[in-house]
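Hello,

Below is the structure for your files. My notes on it follow.

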Amino acid sequence: FPCASLAAAKAKGAVTAAYPISFLPYTHNQILHAVNLGSLPAWFSLLVLPRWHMTRKITAAVAVAYSVLYVALAYALFS
């Protein structure tokens with residue numbers, strides 16, 4: 001698993017900074033943590049305002065943005 005090998009390399013001092021997406025200055029763990037927090041507006045709108053006209057737009061926007069981010073992370077980690 002790339003995450004475990006990256007952590008082991010960091011512990012040995014072999015890797016100083018690992019940024020999986022070159023234009024984002026964040027590690028993959030920081031990105032995934034932000035994704036988890038960023039999905040809260042979509043969940044909130046689904047739970048509290050399910051019939052509101054903007055709920056579909058919010059959830060679709062979050063889903064598309066995260067799909068693109070996950071594809072970029074997977075490409076960066078496994079290529």
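Where does His 53 lie? His 53 is in the loop between H3 and H4, with helices taken as DSSP runs (H or I, at least four residues; strands are E, at least two) numbered from the N terminus. This is a predicted model, in which local features need pLDDT of at least 70 and side-chain atom pairs pLDDT 80 or more, while totals for chains, interfaces and linings use all residues. Residues are numbered from 1 along each chain as its sequence is written, and side-chain values use heavy atoms, without hydrogens and water.

His 53 is exposed, at a relative accessible area of 58%; exposed means over 50%, buried under 20% and partly exposed in between (1.4 Å probe, protein chains only).

The protein chain has 4 helices and 0 strands. Of its 79 residues, 22% are buried.

Helix H4 covers residues 55-78. Its 24 residues should span 34 Å at 1.5 Å a residue, and the end C-alpha atoms are 34 Å apart, which agrees; the expected span is 1.5 Å times one less than the number of residues. Thr 55, Val 62, Tyr 66, Leu 69 and Leu 73 are buried in H4. The buried residues of H4 pack against helix H2 (28-38) and H3, contact meaning heavy atoms within 4.5 Å.

Regards
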